[in-house]
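Subject: Structure handover

Hi,

Here is the structure we talked about. Please open it alongside these notes.

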Amino acid sequence: MASSLLTTPSQTLAPNPAAARARRSSPAAAQVSFSSPLLPGRRALRVRASVAIEKEVPEKEAPTTFLREDGSGAGSGSVRERFEGMIRRVQGEICAALEEADGSGKRFVEDVWSRPGGGGGISRVLQDGNVFEKAGVNVSVVYGVMPPDAYRAAKGAAKNGAADGHKAGPVPFFAAGISSVLHPKNPFAPTLHFNYRYFETDAPKDVPGAPRSWWFGGGTDLTPSYLIEEDVKHFHSVQKQTCDKFDPSFYPRFKKWCDDYFYIKHRNERRGLGGIFFDDLNDYDQDMLLNFATECAGSVIPAYIPIIERRKDTPFNEEQKAWQQVRRGRYVEFNLVYDRGTTFGLKTGGRIESILVSLPLTARWEYDHKPEEGSEEWKLLDACINPKEWL
(Lines give C-alpha, C1' and ligand atoms only; values in the text may rest on other atoms or scores of the structure.)
Protein backbone atom coordinates (compact mmCIF):
# COMPACT_ATOMS: atom_id res chain seq x y z
CA MET A 1 0.00 0.00 0.00
CA ALA A 2 1.48 1.72 0.02
CA SER A 3 1.82 2.15 -0.68
CA SER A 4 2.55 3.15 -0.72
CA LEU A 5 5.47 3.95 3.33
CA LEU A 6 4.57 3.94 0.74
CA THR A 7 5.15 1.15 2.88
CA THR A 8 3.00 0.07 5.72
CA PRO A 9 4.88 0.20 9.02
CA SER A 10 3.73 -3.37 9.67
CA GLN A 11 6.33 -4.33 7.07
CA THR A 12 9.08 -2.36 8.75
CA LEU A 13 11.38 -5.22 9.62
CA ALA A 14 10.34 -8.74 8.68
CA PRO A 15 12.59 -11.81 8.56
CA ASN A 16 13.44 -13.89 5.57
CA PRO A 17 11.36 -17.06 6.24
CA ALA A 18 14.14 -19.50 5.31
CA ALA A 19 16.58 -17.70 7.58
CA ALA A 20 14.06 -17.72 10.40
CA ARG A 21 13.62 -21.49 10.03
CA ALA A 22 17.39 -21.90 10.11
CA ARG A 23 17.57 -19.90 13.32
CA ARG A 24 14.97 -22.11 15.00
CA SER A 25 16.90 -25.25 14.04
CA SER A 26 20.32 -24.00 15.13
CA PRO A 27 21.59 -22.80 18.52
CA ALA A 28 23.71 -20.20 16.76
CA ALA A 29 22.29 -16.83 15.78
CA ALA A 30 21.07 -17.01 12.18
CA GLN A 31 21.86 -14.53 9.47
CA VAL A 32 18.57 -12.76 8.62
CA SER A 33 18.02 -10.61 5.55
CA PHE A 34 16.59 -7.14 6.01
CA SER A 35 15.62 -4.30 3.72
CA SER A 36 14.78 -0.69 4.49
CA PRO A 37 11.37 0.18 2.99
CA LEU A 38 10.79 3.25 5.08
CA LEU A 39 12.76 5.54 2.85
CA PRO A 40 11.21 5.91 -0.61
CA GLY A 41 13.62 7.71 -2.91
CA ARG A 42 16.71 5.99 -1.53
CA ARG A 43 18.34 2.95 -3.08
CA ALA A 44 17.18 -0.46 -1.93
CA LEU A 45 19.21 -2.00 0.87
CA ARG A 46 19.84 -5.60 1.82
CA VAL A 47 21.97 -6.36 4.84
CA ARG A 48 22.69 -9.37 7.03
CA ALA A 49 22.12 -9.22 10.75
CA SER A 50 21.66 -11.54 13.72
CA VAL A 51 18.31 -10.03 14.62
CA ALA A 52 15.00 -11.89 14.42
CA ILE A 53 11.69 -10.06 14.15
CA GLU A 54 8.67 -11.96 15.41
CA LYS A 55 5.75 -12.84 13.17
CA GLU A 56 2.43 -11.14 13.78
CA VAL A 57 0.02 -12.74 16.26
CA PRO A 58 -3.77 -12.48 15.64
CA GLU A 59 -5.72 -10.77 18.41
CA LYS A 60 -9.45 -10.82 19.18
CA GLU A 61 -9.79 -7.07 19.71
CA ALA A 62 -7.78 -3.89 19.49
CA PRO A 63 -6.13 -2.58 22.65
CA THR A 64 -6.62 0.99 23.78
CA THR A 65 -3.02 1.63 22.70
CA PHE A 66 -0.25 -0.42 21.12
CA LEU A 67 2.29 1.48 23.20
CA ARG A 68 3.70 0.31 26.51
CA GLU A 69 4.44 2.26 29.66
CA ASP A 70 8.00 0.88 29.74
CA GLY A 71 9.41 3.57 27.46
CA SER A 72 7.49 3.15 24.21
CA GLY A 73 5.48 6.27 24.87
CA ALA A 74 2.18 5.28 26.55
CA GLY A 75 0.77 7.95 28.82
CA SER A 76 3.57 10.38 28.12
CA GLY A 77 1.92 12.86 25.74
CA SER A 78 4.78 12.09 23.34
CA VAL A 79 4.68 12.47 19.57
CA ARG A 80 4.42 8.67 19.42
CA GLU A 81 1.29 8.67 21.56
CA ARG A 82 -0.29 11.62 19.75
CA PHE A 83 0.45 10.17 16.31
CA GLU A 84 -1.07 6.81 17.26
CA GLY A 85 -4.15 8.58 18.59
CA MET A 86 -4.43 10.53 15.34
CA ILE A 87 -4.16 7.58 12.95
CA ARG A 88 -6.60 5.46 14.91
CA ARG A 89 -9.12 8.30 15.05
CA VAL A 90 -8.72 8.96 11.31
CA GLN A 91 -9.12 5.26 10.54
CA GLY A 92 -12.46 5.26 12.33
CA GLU A 93 -13.66 8.48 10.70
CA ILE A 94 -12.72 7.40 7.18
CA CYS A 95 -14.23 3.94 7.53
CA ALA A 96 -17.49 5.49 8.77
CA ALA A 97 -17.56 7.96 5.85
CA LEU A 98 -16.88 5.18 3.33
CA GLU A 99 -19.58 2.92 4.78
CA GLU A 100 -22.06 5.77 4.53
CA ALA A 101 -21.06 6.57 0.94
CA ASP A 102 -21.24 2.88 -0.01
CA GLY A 103 -24.82 2.60 1.20
CA SER A 104 -24.84 -1.21 1.13
CA GLY A 105 -25.12 -1.72 4.85
CA LYS A 106 -21.84 -3.61 4.76
CA ARG A 107 -19.25 -2.91 7.41
CA PHE A 108 -15.49 -3.10 7.27
CA VAL A 109 -14.08 -6.46 8.31
CA GLU A 110 -11.41 -5.90 10.99
CA ASP A 111 -8.28 -7.91 11.71
CA VAL A 112 -6.16 -7.03 14.75
CA TRP A 113 -2.61 -8.31 15.17
CA SER A 114 0.28 -7.77 17.55
CA ARG A 115 4.05 -8.21 17.56
CA PRO A 116 5.52 -9.80 20.71
CA GLY A 117 8.54 -7.51 20.38
CA GLY A 118 6.40 -4.40 20.40
CA GLY A 119 3.28 -2.95 18.81
CA GLY A 120 0.66 -4.20 16.41
CA GLY A 121 -1.90 -3.09 13.88
CA ILE A 122 -5.51 -2.98 12.73
CA SER A 123 -6.50 -3.89 9.16
CA ARG A 124 -9.98 -3.00 7.92
CA VAL A 125 -11.34 -4.06 4.52
CA LEU A 126 -14.70 -3.64 2.76
CA GLN A 127 -15.30 -5.69 -0.41
CA ASP A 128 -18.10 -5.95 -2.98
CA GLY A 129 -20.14 -3.05 -1.69
CA ASN A 130 -22.55 -0.93 -3.72
CA VAL A 131 -19.89 1.68 -4.49
CA PHE A 132 -16.55 0.16 -3.52
CA GLU A 133 -15.15 -2.93 -5.15
CA LYS A 134 -12.47 -2.98 -2.47
CA ALA A 135 -11.51 -0.50 0.23
CA GLY A 136 -8.71 -1.04 2.75
CA VAL A 137 -7.75 1.22 5.66
CA ASN A 138 -4.87 -0.04 7.83
CA VAL A 139 -2.98 1.31 10.82
CA SER A 140 0.11 -0.05 12.51
CA VAL A 141 2.33 0.93 15.42
CA VAL A 142 5.51 -1.13 15.71
CA TYR A 143 8.85 -0.83 17.51
CA GLY A 144 11.94 -2.88 18.24
CA VAL A 145 15.49 -2.81 16.85
CA MET A 146 16.94 -2.55 13.35
CA PRO A 147 20.43 -3.54 12.15
CA PRO A 148 23.00 -0.69 12.33
CA ASP A 149 23.93 -1.12 8.67
CA ALA A 150 20.34 -0.40 7.71
CA TYR A 151 20.38 2.80 9.74
CA ARG A 152 23.71 3.98 8.30
CA ALA A 153 22.61 3.35 4.72
CA ALA A 154 19.30 5.08 5.34
CA LYS A 155 20.78 8.19 6.91
CA GLY A 156 24.10 8.36 5.06
CA ALA A 157 26.18 7.97 8.22
CA ALA A 158 29.82 6.95 8.22
CA LYS A 159 30.47 3.51 6.76
CA ASN A 160 33.00 2.51 9.40
CA GLY A 161 30.68 2.61 12.38
CA ALA A 162 28.80 5.04 14.54
CA ALA A 163 29.40 8.75 14.36
CA ASP A 164 31.60 8.65 17.46
CA GLY A 165 33.91 6.03 15.98
CA HIS A 166 32.59 3.15 18.08
CA LYS A 167 31.15 0.08 16.47
CA ALA A 168 27.43 0.63 16.15
CA GLY A 169 24.96 -1.67 17.84
CA PRO A 170 21.36 -2.52 16.94
CA VAL A 171 19.25 0.62 16.54
CA PRO A 172 15.99 0.99 18.46
CA PHE A 173 13.21 2.15 16.12
CA PHE A 174 9.57 3.18 16.20
CA ALA A 175 7.28 3.32 13.15
CA ALA A 176 3.59 4.16 12.97
CA GLY A 177 1.29 4.95 10.10
CA ILE A 178 -2.06 4.80 8.37
CA SER A 179 -2.31 3.50 4.81
CA SER A 180 -5.33 3.12 2.53
CA VAL A 181 -6.35 2.30 -1.03
CA LEU A 182 -9.95 2.72 -2.23
CA HIS A 183 -11.13 1.11 -5.50
CA PRO A 184 -14.70 2.10 -6.57
CA LYS A 185 -16.74 0.03 -9.03
CA ASN A 186 -17.82 2.87 -11.32
CA PRO A 187 -15.21 3.75 -14.01
CA PHE A 188 -15.96 7.46 -13.51
CA ALA A 189 -15.20 7.29 -9.77
CA PRO A 190 -11.43 7.50 -9.15
CA THR A 191 -9.23 5.27 -7.01
CA LEU A 192 -7.62 6.99 -4.02
CA HIS A 193 -4.46 6.15 -2.10
CA PHE A 194 -3.18 7.84 1.05
CA ASN A 195 -0.50 7.07 3.60
CA TYR A 196 0.86 9.06 6.56
CA ARG A 197 3.64 7.79 8.80
CA TYR A 198 6.06 8.73 11.56
CA PHE A 199 9.45 7.12 12.20
CA GLU A 200 11.99 7.36 15.04
CA THR A 201 15.34 5.83 15.78
CA ASP A 202 17.19 6.11 19.06
CA ALA A 203 19.99 4.53 21.08
CA PRO A 204 20.11 4.16 24.87
CA LYS A 205 22.42 6.58 26.59
CA ASP A 206 26.08 5.52 26.48
CA VAL A 207 25.25 2.59 24.19
CA PRO A 208 26.81 2.63 20.70
CA GLY A 209 24.22 2.97 17.97
CA ALA A 210 22.30 5.64 16.10
CA PRO A 211 21.80 9.15 17.36
CA ARG A 212 18.18 10.10 17.94
CA SER A 213 16.44 10.78 14.66
CA TRP A 214 12.84 11.24 13.52
CA TRP A 215 10.92 12.07 10.37
CA PHE A 216 7.45 12.17 8.82
CA GLY A 217 6.34 10.92 5.42
CA GLY A 218 3.20 10.37 3.42
CA GLY A 219 0.85 11.70 0.80
CA THR A 220 -2.53 11.44 -0.90
CA ASP A 221 -2.93 10.76 -4.64
CA LEU A 222 -5.77 10.30 -7.12
CA THR A 223 -5.94 7.63 -9.85
CA PRO A 224 -8.97 8.11 -12.13
CA SER A 225 -9.80 6.12 -15.26
CA TYR A 226 -11.35 9.19 -16.91
CA LEU A 227 -10.14 12.76 -16.76
CA ILE A 228 -12.88 14.91 -15.24
CA GLU A 229 -11.20 18.26 -14.59
CA GLU A 230 -13.79 19.38 -12.06
CA ASP A 231 -12.88 16.41 -9.87
CA VAL A 232 -9.11 16.68 -10.31
CA LYS A 233 -9.12 20.41 -9.60
CA HIS A 234 -11.24 19.90 -6.49
CA PHE A 235 -8.88 17.19 -5.24
CA HIS A 236 -5.73 19.25 -5.83
CA SER A 237 -7.31 22.40 -4.37
CA VAL A 238 -7.90 20.56 -1.07
CA GLN A 239 -4.26 19.40 -1.07
CA LYS A 240 -3.05 22.95 -1.72
CA GLN A 241 -5.30 24.48 0.93
CA THR A 242 -4.01 21.99 3.47
CA CYS A 243 -0.37 22.61 2.54
CA ASP A 244 -0.76 26.39 2.48
CA LYS A 245 -1.79 26.42 6.13
CA PHE A 246 1.81 25.48 6.96
CA ASP A 247 4.11 26.57 4.13
CA PRO A 248 3.23 27.88 0.63
CA SER A 249 6.18 25.95 -0.80
CA PHE A 250 4.75 22.60 0.32
CA TYR A 251 2.13 22.07 -2.40
CA PRO A 252 4.31 22.70 -5.49
CA ARG A 253 7.21 20.83 -3.92
CA PHE A 254 5.16 17.81 -2.83
CA LYS A 255 3.07 17.73 -6.03
CA LYS A 256 6.21 17.32 -8.13
CA TRP A 257 7.53 14.72 -5.73
CA CYS A 258 4.26 12.80 -6.15
CA ASP A 259 4.41 12.98 -9.96
CA ASP A 260 7.99 11.71 -9.88
CA TYR A 261 7.41 8.90 -7.39
CA PHE A 262 4.36 7.30 -9.02
CA TYR A 263 6.13 6.81 -12.35
CA ILE A 264 5.80 3.49 -14.19
CA LYS A 265 9.14 3.43 -15.95
CA HIS A 266 8.42 0.55 -18.33
CA ARG A 267 5.25 2.35 -19.52
CA ASN A 268 6.67 5.88 -19.50
CA GLU A 269 3.60 7.13 -17.66
CA ARG A 270 2.39 8.00 -14.17
CA ARG A 271 0.03 5.76 -12.26
CA GLY A 272 -2.54 8.53 -11.97
CA LEU A 273 -3.02 12.28 -11.74
CA GLY A 274 -0.99 12.92 -8.63
CA GLY A 275 -1.56 14.78 -5.42
CA ILE A 276 1.12 15.26 -2.78
CA PHE A 277 3.94 13.03 -1.55
CA PHE A 278 6.80 13.68 0.91
CA ASP A 279 9.31 11.69 2.94
CA ASP A 280 12.19 12.18 5.40
CA LEU A 281 10.56 15.43 6.51
CA ASN A 282 12.28 16.67 9.70
CA ASP A 283 13.61 20.13 8.86
CA TYR A 284 10.74 21.91 10.60
CA ASP A 285 9.47 21.97 14.18
CA GLN A 286 8.32 18.49 15.19
CA ASP A 287 4.96 19.66 16.53
CA MET A 288 4.38 21.63 13.35
CA LEU A 289 4.98 18.54 11.21
CA LEU A 290 2.75 16.43 13.45
CA ASN A 291 0.01 19.01 12.94
CA PHE A 292 0.71 19.01 9.19
CA ALA A 293 0.39 15.22 8.96
CA THR A 294 -2.79 15.43 11.03
CA GLU A 295 -4.28 18.05 8.71
CA CYS A 296 -3.31 16.01 5.64
CA ALA A 297 -4.94 12.87 7.00
CA GLY A 298 -8.00 14.90 7.98
CA SER A 299 -8.30 16.30 4.45
CA VAL A 300 -8.94 12.88 2.86
CA ILE A 301 -12.70 12.92 3.41
CA PRO A 302 -13.36 16.45 2.02
CA ALA A 303 -10.98 15.79 -0.90
CA TYR A 304 -12.53 12.47 -1.94
CA ILE A 305 -16.09 11.90 -0.71
CA PRO A 306 -17.62 14.77 -2.77
CA ILE A 307 -16.11 13.21 -5.91
CA ILE A 308 -17.53 9.80 -5.02
CA GLU A 309 -20.96 11.28 -4.40
CA ARG A 310 -20.90 12.97 -7.83
CA ARG A 311 -19.68 9.92 -9.78
CA LYS A 312 -20.82 6.73 -8.04
CA ASP A 313 -24.08 6.51 -10.01
CA THR A 314 -22.82 7.77 -13.40
CA PRO A 315 -24.04 5.46 -16.19
CA PHE A 316 -21.31 3.53 -18.01
CA ASN A 317 -20.99 0.87 -20.70
CA GLU A 318 -18.90 -2.26 -21.14
CA GLU A 319 -16.16 -0.47 -23.08
CA GLN A 320 -15.72 2.09 -20.29
CA LYS A 321 -15.60 -0.67 -17.69
CA ALA A 322 -12.96 -2.49 -19.75
CA TRP A 323 -10.85 0.70 -19.86
CA GLN A 324 -11.08 0.98 -16.08
CA GLN A 325 -9.77 -2.57 -15.85
CA VAL A 326 -6.84 -1.71 -18.14
CA ARG A 327 -5.97 1.23 -15.88
CA ARG A 328 -6.30 -1.06 -12.86
CA GLY A 329 -3.68 -3.23 -14.55
CA ARG A 330 -1.33 -0.24 -14.51
CA TYR A 331 -2.05 0.16 -10.80
CA VAL A 332 -1.10 -3.47 -10.20
CA GLU A 333 2.08 -3.07 -12.27
CA PHE A 334 3.28 -0.11 -10.24
CA ASN A 335 2.52 -1.69 -6.90
CA LEU A 336 4.14 -5.05 -7.66
CA VAL A 337 7.16 -3.73 -9.59
CA TYR A 338 8.00 -0.33 -8.07
CA ASP A 339 6.18 0.28 -4.80
CA ARG A 340 8.83 -0.18 -2.13
CA GLY A 341 6.47 -1.24 0.62
CA THR A 342 4.87 -3.97 -1.47
CA THR A 343 8.08 -5.38 -2.92
CA PHE A 344 9.77 -5.31 0.48
CA GLY A 345 6.93 -7.19 2.11
CA LEU A 346 6.86 -9.86 -0.60
CA LYS A 347 10.61 -10.46 -0.35
CA THR A 348 10.73 -10.65 3.42
CA GLY A 349 7.70 -12.76 4.29
CA GLY A 350 5.48 -10.05 5.72
CA ARG A 351 1.75 -10.40 6.37
CA ILE A 352 0.51 -11.09 2.86
CA GLU A 353 -3.06 -9.83 3.33
CA SER A 354 -1.77 -6.46 4.53
CA ILE A 355 0.82 -6.29 1.75
CA LEU A 356 -1.64 -6.97 -1.08
CA VAL A 357 -4.64 -5.10 0.30
CA SER A 358 -3.84 -2.27 -2.12
CA LEU A 359 -4.58 -4.41 -5.19
CA PRO A 360 -8.02 -4.25 -6.86
CA LEU A 361 -10.26 -7.30 -7.03
CA THR A 362 -10.22 -7.18 -10.84
CA ALA A 363 -7.85 -5.89 -13.53
CA ARG A 364 -7.21 -6.43 -17.26
CA TRP A 365 -4.29 -6.66 -19.64
CA GLU A 366 -4.85 -6.34 -23.40
CA TYR A 367 -2.06 -6.92 -25.86
CA ASP A 368 -0.70 -3.67 -27.34
CA HIS A 369 -3.69 -1.66 -26.17
CA LYS A 370 -3.72 1.93 -27.44
CA PRO A 371 -6.68 4.28 -27.04
CA GLU A 372 -7.78 6.26 -30.09
CA GLU A 373 -6.12 9.68 -30.19
CA GLY A 374 -8.52 12.38 -29.05
CA SER A 375 -10.79 9.93 -27.19
CA GLU A 376 -11.65 10.34 -23.51
CA GLU A 377 -9.39 7.40 -22.73
CA TRP A 378 -6.53 9.01 -24.65
CA LYS A 379 -6.98 12.26 -22.70
CA LEU A 380 -6.46 10.42 -19.43
CA LEU A 381 -3.40 8.61 -20.72
CA ASP A 382 -1.93 11.85 -22.07
CA ALA A 383 -2.29 13.46 -18.64
CA CYS A 384 -0.51 10.48 -17.07
CA ILE A 385 2.34 10.80 -19.57
CA ASN A 386 2.55 14.59 -19.34
CA PRO A 387 1.80 15.77 -15.76
CA LYS A 388 -0.23 19.00 -15.64
CA GLU A 389 -0.60 21.89 -13.27
CA TRP A 390 -4.23 21.65 -12.20
CA LEU A 391 -4.52 24.89 -10.26
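Start with strand 9, residues 213-223. In this predicted model, 11 of the 11 residues of strand 9 are buried, so the rest of the structure largely encloses the strand. Both of its faces are covered. One side carries Ser213, Trp215, Gly217, Gly219, Asp221 and Thr223. The other carries Trp214, Phe216, Gly218, Thr220 and Leu222.

Strand 9 has pairing partners. Strand 8 (residues 191-201) runs antiparallel to strand 9, joined by 11 bridges. There, Thr201 stands opposite Ser213. Strand 12 (residues 275-281) is also antiparallel to strand 9, with 5 bridges joining the two. Here Asp221 faces Gly275 of strand 12.

Now strand 5, residues 119-127. Of its 9 residues, 7 are buried, so strand 5 too is largely enclosed by the rest of the structure. Strand 5 pairs with strand 4 (residues 109-114) in the antiparallel sense, over 6 bridges. Val112 stands opposite Ile122 of strand 5. The two strands form a hairpin, with 4 residues between them. Look at Gly118 in that turn: its phi is positive, about 145°.

On to the helices. Helix 6 (residues 286-298) has contacts with helix 2 and with helix 7.

Take helix 2 (residues 79-102) to begin with. Its axis comes within 10 Å of the helix 6 axis, and the two cross at roughly 10°. Helix 2 and helix 6 are therefore roughly parallel. From helix 2, the contact uses Val79, Arg82, Phe83, Met86, Arg89, Val90 and Ile94. From helix 6, Gln286, Asp287, Leu290, Ala293, Thr294 and Ala297 take part. By type, the residues of this contact are 8 nonpolar, 2 polar and 3 charged.

Then helix 7, residues 300-311. Helix 6 and helix 7 pack at about 15°, with axes 5 Å apart. That makes this pair roughly parallel as well. Cys296, Ala297 and Gly298 of helix 6 meet Val300, Ile301 and Pro302 of helix 7. This contact has 5 nonpolar residues, 1 polar and no charged. Note Ala297: it is listed in the contact with helix 2 and in the contact with helix 7.

Last, the overall figures. The chain has 11 helices and 12 strands. It runs to 391 residues, and 57% of them count as buried.

Best wishes

How values were computed: Residues are numbered from 1 along each chain as its sequence is written. This is a predicted model: local features need pLDDT of at least 70, side-chain atom pairs count only at pLDDT 80 or more; totals for chains, interfaces and linings use all residues. Side-chain values use heavy atoms; hydrogens and water are left out. Axes are lines fitted to C-alpha atoms, for helices over the stretch in contact, and angles run from 0 to 180 degrees between N-to-C directions. Angles under 35 degrees count as roughly parallel, over 145 as roughly antiparallel, 65 to 115 as roughly perpendicular and the rest as oblique. Contact means heavy atoms within 4.5 Å. Ala, Val, Leu, Ile, Met, Phe, Trp, Tyr, Cys and Pro count as nonpolar, Asp, Glu, Lys and Arg as charged, and the others, Gly among them, as polar. Buried means under 20% relative accessible area, exposed over 50%, partly exposed in between (1.4 Å probe, protein chains only). Two strands pair if DSSP finds at least two bridges between them.
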